[in-house]
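Subject: Structure for you to look at

Hello,

Here is the structure I said I would pass on. Please open it beside this email and follow along as you read.

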Amino acid sequence: MFKPTILYTLAILGLLTGCQSSSETTNATVGDPVATEGEALAKQYCGSCHLPVSPAMLDKTTWKNQVLPAMAPKLGLEVWQKTHYFRPASASISQTDWDKLRTYYETLAPDSLHPASDQTKSADDWAGFSLLKPGESTGNTATTTMVAFDPAQQQVYSSNETDAGLYRWGRNLKPERLRTLPSPAVQARFINDNSKPERIALTCIGTMLAVDQPAGQLIELAPDQANDPTVLTQQLPRPIESTPGDFNHDGLTDWLVCGFGHNMGGLYLLRQRPDHQFDKQVIRNVAGATQVITGDFNRDGWLDCMALFAHADEGIWLFTNDQHGGFTERMVLRFPPVYGSTSFQLIDMNRDGRLDIIYTAGDNSDYSRILKPYHGIYIFLNDGHDQYKQQTFLPLNGCTKAVAADFDKDGDLDIAAIAFFADLGPASPQTFVYYEGQPAQTFRRHHLPISQYGRWICMDVNDWDHDGNLDIALGNFSRGFLNSPAYKPTYDSYLPLIVLQNNAH
């Protein structure tokens, strides 16, 4: 999530599609054998699974004590106490090459990473929003996994990890517990067709733990009915998003499901049969499927999709409907695995009639749990030939999600962003930031004073009170995922959610 510092780093590494290129190397002179051999080995052994990572992207301690010990077993090496490596005969790398690879990273990595330079003007204010929060605590530790506006009924729905409950909150933000779900819901889609009572399609993750446990489900239910939910599909690998669409022109609603998984996962198409059962088709059999957006991207009358993958081979892929039940795949943008991709949005940022990409990076719960200057919000502009060039980087430690919209109704696009893995050390950590759009596609950063109310893991945007303004709901997951063992939370650990009411005129 990044600007001048990281843009320079990425330029000299040539790591990011659309960035400038350079023949310079990092932390070493041209022709240095350590750099030359190490870079070649990184391409050979690491580049087969994901973009190779430059030593400059992590500090020496993290490489030595965290990342290299985690990488070694994937090459067949055995590790003892994070410092001693043993090579069985079945290893895919020689001892000589492994020693050179270790030297490359441990020698050329910096002692520490410098924060990204951020020239964005900032203000500490409410930026036209006001705070709505529940009047009383539930007494339970907040583990909110989903917040979703239902603007038709002017309500908010939520779920949590603690009891896998489905809750409904009215305009007064008093909770109504509707039922227990098979597992925590992480996404809701509201279905209104006038022929039936309102229904909700819920993506239930199965488990929040990073394990290969295919216990997730996509279910449908009517919130005001006591009937058991309809299970559309089950045994999914930690699904985190589901998107409907008719992909074969048969008049039936199919579903795309992002199975994030752990070591195993993928992007799946649930194709609905005439008997309303679903057949699962694998579109991309790779873990880390995070988000999918549908659209007729090639304008041939058939529904395509674009998906974000995280968790190793990170990037955005376009899947074009071949009109015969399958898809053709094209990589749109690709990112190094240390980025921790978290979300993306397709929206015309520069008003030229083409869909651009807003992308966020900031998942910081794997092996390199340090603040990274390349975490934040990226804006890639469409050049008219469906190639995307980076225009803007807004640094934000641990960025989780960003939504662009005209919140202040002045004609340009603003951005609301949350950061679950923010730098929690400051008195007012930047866990939520509002970027007000300015002329020439620049932004003014607003730090709303809400960090004391929770640690925001999920966000939804909609006009829930029907006043013509887009409001924001934030869900608080206050337990665990702390990268600093000595840190003692100062935020409210019991408030499940808040709403930022937009008062724009």
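Which backbone nitrogen lies 2.9 Å from a polar atom of the side chain of N160? That nitrogen belongs to D163. Please keep in mind that this is a predicted model.

To find N160, look in strand β6, which covers residues 155-160. N160 counts as buried because its relative accessibility is 12%, and the cut-off for buried is under 20%. Leaving aside residues up to four places away in sequence, N160 touches T143, T144 and T145, and also G165, Y167 and P184.

Now the whole chain. It has four helices and 31 strands. Its C-alpha atoms fill a box of roughly 70 × 55 × 50 Å along the principal axes. A compact globule of 505 residues would have a radius of gyration near 23 Å, and the chain agrees with this because its own value is 23 Å. Of the 505 residues, 53% are buried. Among contacts with a separation of 6 or more, 52% are between residues 24 or more positions apart. The accessible surface is about 21700 Å², and carbon and sulfur atoms account for 49% of that surface.

Next, helix α3, residues 60-71. Its buried residues are T62, W63, V67, L68, P69, A70 and M71. What covers them? The cover includes the helices α2 (33-46) and α4 (95-108), together with the strands β1 (78-80) and β2 (84-86). When you look along a helix, remember that an α-helix has 3.6 residues a turn, so residues three or four places apart point the same way.

Last, a residue in a loop. L371 sits between β22 (356-361) and β23 (376-382). Is L371 buried, partly exposed or exposed? L371 counts as partly exposed because its relative accessibility is 40%. Not counting residues up to four places away in sequence, L371 touches L113, N364, N397, F421 and D423. L371 and A422 are 51 residues apart along the chain, yet their C-alpha atoms are separated by 8.2 Å.

Regards

Terms used
Residues are numbered from 1 along each chain as its sequence is written. This is a predicted model: local features need pLDDT of at least 70, side-chain atom pairs count only at pLDDT 80 or more; totals for chains, interfaces and linings use all residues. Side-chain values use heavy atoms; hydrogens and water are left out. Helices (H or I, at least four residues) and strands (E, at least two) are DSSP runs, numbered from the N terminus. The radius of gyration is taken over C-alpha atoms; the globule rule is 2.2 Å times the number of residues to the power 0.38. Buried means under 20% relative accessible area, exposed over 50%, partly exposed in between (1.4 Å probe, protein chains only). Contact means heavy atoms within 4.5 Å. Accessible areas come from the Shrake-Rupley method with a 1.4 Å probe; for residues, only the protein chains shown count as cover. A polar contact is a pair of N or O atoms within 3.5 Å; within protein, one must be able to donate a hydrogen and the other to accept it, and residues adjacent in sequence count only if both atoms are side-chain atoms.
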